[in-house]
Amino acid sequence: MPRLSGFGMIDLQDFDFLTGAPAFELIRKLIQGKRQVSLIPELDPRSASSNQLSKSLSRLAFRDQLIQEETGEQSLYLAWLFVEGKLINGQLMRAPLILKPVGLERIDSQWKLNSSEPWRWNPAFLLAWRHATKQRLPDNFSDEQLENLPADPTEFRTALNQIVQSNFSIQVQSNLFEDRIQTFPNSQIQVDQNQYQEGKLTLKPYAVLGPFAQKGSFLFSDYEELNAEGQDMSLEDLFSAHFEAPENRPFPREDAMFPIFPLDASQENVFLKVRQGKSMVVEGPPGTGKSQLISNLVSDFIARGKKVLVVSQKRAALDVVFERMAKVGFGQFLALVHDFQGDRNLLFEKIKKQIESIEAYQEQNRGIDAIHLEREISRNSRSIARLSDKLEDFRQALFDNSIAGMPIKAMYLHADLEKPALKSSSLLKLNQEQAKTFEQDFKIYARYQERFEPSFWNERKSFAQVQAADFPRISQAIWEVEGFRKQLFELDSSGLAKKEVSTELQIQNQLQKFHRAYNSLQQLSSEKLDSHLILEKEQVKKLRKQQLFLIEEKKQLAQLKFELKADPQAYQVELEVLLSKSQSFFGKLWVNLNQSKYPLVFGLLKGNELKLGPSILRDIQEELQIRIQLQEEKQAIPQSLAIPFSEDAELDIHRLNLALDWINAWQELGDWHSLLNPTNDLFRQLEIWMEVLEKGCASWTFWKTWLSESQIQSLLEQGLSSCIPENELNWNVVYTELVAFDRFLLGWDNQSLGLELWQEFSKESIANKVQVFWNGWFLAWIAELERRFPVLAEAGSLKMESELEELRKSILEKRSLSQYMALLRLREQMSQHLEYNRLGNRVTYRELLHQVSKKRQRWAIRKLVQELGEEVFKLLPCWLASPETVSALFPLRNQFDLVIFDEASQCPVELGLPAMLRGKQVVIAGDNKQLRPSDFYQVKWESEEDGLEFEAESLLELAGNFFQSARLKGHYRSADPALIHFSNTHFYEGQLETLPDYATIQAGKTSFSWEKVEGIWENQVNQVEADAVLTRVRQIQKDSSEDSIGIVTGNYFQMELIRERLWKEGLGQAGIKVRNIENVQGDEFDQVILSLGYAPNREGKLVTNFGLLSKSGAENRLNVAISRARKQLHLISSIDPEDFRSGQLQNPGLSLLRSYLIWVQKQSKQRAVPAPEVEAEKFEIDWSLKKKLMESDSTYSSHIPSAVMDLLRADPSGDQVAILTDDQRFYNSPTAKAALAYHPILLEEKGWKWKMVWSRGGSMKA
């Protein structure tokens, strides 16, 4: 240091004789071990110098308080004996040799200097010396040497001189032993450069009271070690080597996770990924539960025997995590070290207490039903895992559009069981896009059908292959049919013929009948038979009987063996005689002698080469009887006049056949009889009809090329004018349309389905038919998808309702049990594998207990960790410290399983990197929209080199380029979402999910107050606003005495002013914190008073530059300042939004400030927070159940106060009920469990009633 001015330090020589004694008396008392030394009065009316020094002490005390609150570090020291000169490497040196930790306190209007810690070597000097000389100090060189120095000031200096001479090349002058302090020089670097020689150092008796940061020295040691190891690798390689996670590591089992605090979906996402071994960057906007997530990671890791290091340069961040865990019993397992020297005694005491508690822990564990606890954890975990998987399967199936092209959720909202629906197996062959295409095709088809179905062209031959050149042929065919019809009409005006020849088959059949009749008639004529007589009814009967008899006669005669030459009766006469004679011997002789008398019989025997005998004669007699009987029957049959029986039976049969053929042919003509006259040249009549029919039959082949049978039939029956009313000139237009229609049909794959729809719902309009189709499609796919995924059908069922209740209950039970389980595991780990000697004395922890119990020559924490680290980490598996403290405590190796950084947006890269490398896995948490690294008391190394490691402003920014990132979304700080709405809108794209307390919403009161005062900006403070702040503080304490209060100012000086006012009013220790916008991050209060202080000057002109609010990063500073309140924010301002000049509004920070002032002004008058917008990305708006509910019932409202619900509805009692649906909220949630369990749990915790409505039950009618 070339001088003290500008460094916020006080030369101890300034106290010389202000209280009647030399300044050295202060040193003397501290060497003698005095714990409290009086300095000067707070106010001395006799001494301006004393009063000026008192102000300096006040600023120094306040600064020390801020540093301790900000970092937890002991920063205020009394520095004595300065090494002055130039090191061997040319580095200028004016640095304290020894330091004594002290504190300032006002007691009874007197400034006191407190000190209970021993003198220490200045580690910054030691580091500089070692770096310059390249020499290591002896192992026995430590602060313990100073602890053992005599209490007598002279002896103290003598012994100190011996140590210095033994270890350093420093010239010690005689004035060291004079009981006085030398005034600190007021020099310049250039002057010092010229007056000192390299390698020449002198010990000077300067003494300085001020902040001397110590922890940073160990960071340099870390970097020296890294350089010594030759770390030439890039950050990418360095991080990959340290933090690369194993690939494809599965998610941990539910029963192997021990988060002890609630997790929302975004926190759980990070938690699971970290448990998979991934290093993560966590963006945590204000109030999103970073500390809660960190606490859950800590509890989970240490419960599984892992070591965790939580790092933050913000004391508040570490305190929040520690206090949160201490409240649930984990405090004794956590080591919170803000100051690596100042906190040693407390840490050692905690270690000692842990060791002494081992037996009590063992007894406690034995007293707990550990088996029951394990069983309950396992039961709840199985339930959570099973139901979470099931609900995830449900959600996947609900929104899956890969099967049908549309999710079943959308189908539920469109389907209606009470409306007509097409039922066809073909529906499942269509996905949504194909169904849409079918709809368009069907509309085309339907329009054509409406045009042509009632027309002649409905039942046509396809025109798909018809060319324009074919149009004349089609017309020709039509005209030919019309000509044929007219010809028929000329022959038959009754229309009978048209009916009989309306198809090709009919005309062919009729032509065949006419040909048969004509041929039959010709044969009759050749036999000269009377065709007309034959057709008479009586004659037809006789002819049929005659024919039947002759056929039967012929059949029986064919079966006889004997052929007769005469009438059977003549044979019968001879046979009677012969039969009687043949019975005796003499009779036979007689017959043989008289053969001539019986010529017929003997001629028959001879002809058949038979001999006379009784059996032969009987055979002949039987046949004779058959012939006689046939003769009798023939005579009895009535004979036709047209063909009577003749002697020639064969001729009779032939003629009868011709007659009957004619009869049959005539009868086949059927109705044609009315057109034929059998008595009037029937031949000519038949010939005329045959000519007409043959012509039609011949033309039919041509006609059917272009016309269908039904069209030909229609033309024949109805005529051309009735079938085709259009003018012939328009026929080509019709043909063209038909070509287009049929070509469309040819390419339409779903023609059969379209025809099915058209025919089944023929009476419906096209629009209704389309609705019928879609309703059928929806219902068909719903049935199919529910068949494939049965869980879908459970939506809204009692079963699912019961399972959701079981899931919520299991989550809550596991949360409470995890706390006890984790503590049980920690106690087990402490007392596992204890070793005892043969005398029964415990050896484990014995040496550690000895070291932490010593009163003198205690080890440093670092040495304790190095020597006995395994036991230390068993007792304290989680450590919380700043980056510099980490370097001071732990060796540079990956000693921890997990390193967690909080508030990393404020951590410079060079501070955080060494701490990161002490872990195997790292989580970097922070918010790039909040404060960036800044430290009034440190200088950041600037570099012109390129690369992420040189250009990244914060550790969070750097890590974001190398590790997977996730953002926390649930905001829990603000009881009223209005308090975070401005930040959410302007910084976080509305992605923060907020949920107000139900009581807050019901009250309807605003959470903002606006107070305009006529302040004046003078000397960088605003006295009027400070007065208004005090008035507001008193009012808050009166109305809400239990609420914490935070006062946020725009600059350091306004903060000091308000702090002084509070102190003078006796409110300094009343739980009120005063912060400026640069150091309020990490704090939160029930009520915040925002007093930026900026105001017009005494001339009424707003000329201030608004300090940090107009500099780079101003927007982030404003974001931090306005997001600290839990319940209310009170803005006290000396300016109105309209007071800003247009030039000022070009500055983005001031423009945003003006917008915020406008917001608060409006909200202070009436609470009016817009409903959160729900992302509709990847979610069709017409799939919205919310939309259908609101359309069907006006009691539903979309003006919701939070995105964790979908709608609001008033119940009969008037209470607002949160409605949860399976819409976008369910779709966008990271997990189904989040939407169906976490959101309801959160609603209940915030006092809300809620109800679940499903698309399946809420729209599709059962």
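1. A salt bridge is taken here as a side-chain nitrogen of Lys or Arg within 4 Å of a carboxyl oxygen of Asp or Glu. In this predicted model, the count by that rule comes to 62 salt bridges. One of them joins the side chains of Glu737 and Arg451, at 3.6 Å from N to O. Since Glu737 belongs to helix H30 (residues 731–747) and Arg451 to helix H16 (residues 432–452), the pair ties together parts that are 286 residues apart in sequence. Glu737 is partly exposed, with a relative accessible area of 29%, and Arg451 is likewise partly exposed, at 32%.

2. Glu687 and Arg684 form a salt bridge at 3.4 Å, N to O, within helix H27 (residues 682–706), where they stand three residues apart, about one turn of the helix.

3. The side chains of Arg1256 and Glu786 meet at 2.5 Å, N to O. This pair links distant parts of the chain, with Arg1256 in helix H49 (residues 1255–1258) and Glu786 in helix H32 (residues 766–788), 470 residues apart. Arg1256 counts as partly exposed at 23% relative accessibility, whereas Glu786, at 13%, counts as buried.

4. Lys200 lies in the loop between helix H6 (189–195) and strand E9 (201–211) and is partly exposed, at 46% relative accessibility. Beyond its neighbours within four places in sequence, Lys200 is in contact with Glu84, Gly85, Lys86 and Gln171.

5. The protein chain averages a pLDDT of 88, and 96% of the residues score at least 70. Over residues 935–943, however, the pLDDT is below 50, although this stretch has eleven contacts in the model beyond near neighbours in sequence. Where pLDDT is low, the predicted coordinates should not be read in detail.

Note on methods: Residues numbered from 1 in each chain as written. Predicted model: local features only at pLDDT ≥ 70, side-chain atom pairs only at ≥ 80, totals over all residues. Heavy atoms only, no water. Helix = DSSP H or I, 4+ residues; strand = E, 2+ residues; numbered from the N terminus. Buried < 20%, exposed > 50% of the residue type's maximum accessible area, 1.4 Å probe, protein only. Contact = heavy atoms within 4.5 Å. pLDDT = per-residue confidence, 0-100.
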